[in-house]
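I am opening a notebook on this structure. I will write down what I looked up, in the order in which I looked.

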Amino acid sequence: MSESEVPLNRPVPHSTHGFEIAEPLTRTTPQPSHAGRSLGPGFDLSLYLVTGRDLLPHGKSYLASLEEALRGGVTVVQVREKSVDTAEFLEIARDTVSLCAGYDVPVIINDRVDIALASGAAGAHLGQTDMPFAIARKLLPPSAIVGVSCATPEQARRAVEDGADYVGLGAVYATSTKDVSAPGRVCGIAGVRAMLSVLEGTGVKAVAIGGIKSTNLLRTLHGCASPTGHTLDGVAVVSDIVASPEPQAAARRLVQAFRAWAAAASRGPTAFLVTPEQKARYTPEAIAAAAAALVDTVRRVRPLVHQITNNVVKTQSANVTLALGGSPIMAEAEAEQADLARMPGGLLINFGTIDALDGMLAAGSHANQNGKPVVFDPVGVGATSFRRATAAKLLDAWQPTVIKGNAAEIGELADSNEVKAQGVDSLGGFANASGVVRSLARNHRCIVLLSGPIDYLSDGSTVIRMSNGHELLGQITGAGCVLGTTISTFCGAASMATSSISEGALVQGDMLLATAAGTLALTIAAQRAASREEVRGPGTFLPALIDELAMLTPEIILRMARIEVELE
Ligand SMILES: Nc1ncnc2c1ncn2[C@@H]1O[C@H](COP(=O)(O)OP(=O)(O)OP(=O)(O)O)[C@@H](O)[C@H]1O
Ligand SMILES: Cc1ncsc1CCO
């Protein structure tokens with residue numbers, strides 16, 4: 001069976017979850033006996049539907065919507081009712097159990113252990129302020145599934161100690177289906193990632209919850225994985241299914257995307273799922289050859305390079321894009337981001353001067369939705385607390401494909417104070433630069449480039465060291481910023497030109513090679529510009545650099561590239 005052929009739920013004659021039901025959909029027949037339940041550790045959390053009757057579209061009944069969702073491939077149903085009396089809750093729970101039994105899908109009851117018992121559901125889900133776990137466990141039969149909502153690593157640790165079968169981690173995003181306005185209720189992608197690290201090796205399963213939709217699913221799954229590649233077992237969804245006039249199609253979209261991603265994620269611990277064949281291509285010669293070929297690819301596919309960048313470098317960044325053969329557009333308004341993201345190419349978000357934060361937030365999210373590579377340049381991130389907070393906010397809103405920065409910027413994101421900063425400039429370097437880029441790449445599930453006299457590049461496994469460049473690059477403003485431009489130009493072109501589609505990946509194409517190519521293009525052009533007779537200092541260097549970028553050929557890259565590779 002191919003990855004895209006997902007077996008969808010079909011009604012089954014007998015349930016293995018909860019009790020057996022003679023006649024599905026009758027609410028008088030259930031016998032609340034828990035004997036014979038065979039849930040064990042094998043229950044499938046892939047698509048965990050949380051009900052919300054208030055969200056149903058006009059004219060759609062609860063059970064009709066639920067049955068469509070089950071046909072679409074929902075694997076667990078949680079009945080959540082916040083404002084009904086006990087009799088009505090029990091009736092809804094029983095109806096749900098009856099219907100789901102016909103699809104062999106377990107039902108979990110939110111908060112109410114008594115309703116779980118009385119309805120013959122498979123288990124109960126507890127919030128942090130609901131009945132204490134130990135009491136619920138004692139009241140429920142031993143085979144019952146008991147899940148717990150967690151928003152902090154401490155809560156996740158306690159759920160493991162208590163013996164939870166699974167945890168619901170979130171809220172990932174602010175959502176209208178639950179009041180998460182209290183401080184700490186939205187834990188974000190980084191919060192889920194920290195909790196998944198706690199669960200590693202415990203056998204406790206996890207779903208993420210809170211604002212997850214088909215549009216942010218891949219980005220959520222990709223970003224939540226722990227640095228060692230421990231991933232979510234599923235996602236909990238409310239409105240994307242319940243509020244849909246077509247819940248079957250909505251559920252199918254979600255479960256297919258989840259399974260494609262899970263299949264890809266199971267292949268390796270790093271974000272870019274590098275196959276052994278691909279890794280074999282990471283020799284200095286092969287990297288130079290790939291970079292050389294991409295010089296022509298950029299000119300052939302002419303990627304649109306959408307840049308939200310700082311006021312200091314806008315014109316030189318647009319000129320650098322043109323010189324390489326790309327097509328620049330500097331567009332910052334939030335309202336235009338959805339349209340721009342639909343056009344193939346690359347996106348650069350450089351926050352050297354932060355005056356378009358809403359545009360930056362929207363641009364990256366839309367790029368993620370459309371499979372466009374996103375290059376993030378956190379200029380001067382350690383300089384102010386506003387920049388630090390903004391970087392965290394952006395990295396929670398979208399998944400970068402590449403993070404690039406100088407030693408001070410990379411050090412700040414890596415929580416290291418080994419390198420000092422002065423505004424946007426870096427003073428010094430790391431003793432173990434390879435270790436820093438490798439670990440930051442694993443933490444953020446992206447490519448990381450550390451720029452400087454030697455550029456270090458990693459996907460979390462391989463480290464590529466490139467020692468082209470010229471000291472004049474350190475004497476003009478925005479050399480690092482235009483490096484972001486060349487990288488987004490090459491990443492955009494590589495994603496447009498790739499022929500092999502890797503299912504479940506957020507971006508198509510080899511972004512490690514594309515980032516190496518963007519770096520080599522700038523640094524090799526800089527060496528050639530610096531050696532020109534008319535270049536006498538930084539003032540004459542910048543126009544010569546733009547000329548050399550325009551004159552770059554694959555042969556020049558092949559001849560001049562200085563690359564070393566450290567395979568892990
Ligand atoms: N002394 C040097 N020798 C060779 N190359 C250099 C040197 N200094 C910088 N570079 C190159 O310049 C490019 C920009 O890197 P750098 O670390 O200077 O960026 P930055 O500090 O972010 O710059 P800015 O803040 O001005 O944008 C990199 O590709 C790097 O290889
Ligand atoms: C000087 C400067 N200040 C904010 S952005 C920028 C460009 C180089 O990073």
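Entry 1, ligand 1. I began with the elements that line this ligand. I found that β15 (425-427), α18 (479-497) and α19 (511-530) each supply at least two residues of the shell around ligand 1. I note for all that follows that this is a predicted model. I then asked which element gives the most to the shell around ligand 1. That element is α18, with four residues. I counted 22 residues around ligand 1, and those that come nearest are Asn406, Ser451, Gly469, Leu473 and Gly480. Sorted by class, the shell holds 12 polar, seven nonpolar and three charged residues.

I listed the residues around ligand 2 next. They are Asn310, Val312, Val313, Gly352, Thr353, Val379, Val424, Thr477, Gly478, Gly480 and Cys481. How many of the residues in this shell are charged? I found no charged residue there, but six polar and five nonpolar ones. I also see Gly480 in both lists, among the residues around ligand 2 and among those that come nearest to ligand 1.

I traced a closed barrel of eight strands in the order β1-β2-β3-β4-β5-β6-β7-β8, and the pairing is parallel. On average, neighbouring strands of this sheet are turned by 25 degrees against each other, with direction ignored. I took one pair as an example: β4 (residues 123-126) and β5 (residues 145-150) pair in the parallel sense over four bridges. Within that pair, Ala124 has Val146 of β5 as its bridge partner.

I looked up α5 (residues 153-162), which lies across β5 and β6 (166-170) and runs at about 165 degrees to β5. I also looked up α9 (residues 247-265), which packs on the sheet and touches β1 (47-50) and β8 (234-237). The direction of α9 makes about 145 degrees with that of β1.

I checked how α6 (residues 188-199) meets α7 (residues 217-224). Their axes come within 8 Å and cross at roughly 45 degrees. I therefore record α6 and α7 as oblique to each other. The crossing in which α6 passes α7 is right-handed. On the side of α6, the contact is made by Ile189, Val192, Arg193 and Leu196, and on the side of α7 by Thr220, Gly223 and Cys224. By class, this contact of α6 with α7 has four nonpolar, two polar and one charged residues.

Key: Residues are numbered from 1 along each chain as its sequence is written. Chains are lettered from A and ligands numbered from 1 in the order in which they are written. This is a predicted model: local features need pLDDT of at least 70, side-chain atom pairs count only at pLDDT 80 or more; totals for chains, interfaces and linings use all residues. A residue is near a molecule or strand if its C-beta atom, placed from the backbone, lies within 6 Å of it. Ala, Val, Leu, Ile, Met, Phe, Trp, Tyr, Cys and Pro count as nonpolar, Asp, Glu, Lys and Arg as charged, and the others, Gly among them, as polar. Axes are lines fitted to C-alpha atoms, for helices over the stretch in contact, and angles run from 0 to 180 degrees between N-to-C directions. Angles under 35 degrees count as roughly parallel, over 145 as roughly antiparallel, 65 to 115 as roughly perpendicular and the rest as oblique. A crossing is left-handed if the near helix is turned anticlockwise from the far one by less than a right angle, and right-handed if clockwise. Two residues are in contact if their C-beta atoms, placed from the backbone, lie within 7 Å. Two strands pair if DSSP finds at least two bridges between them.
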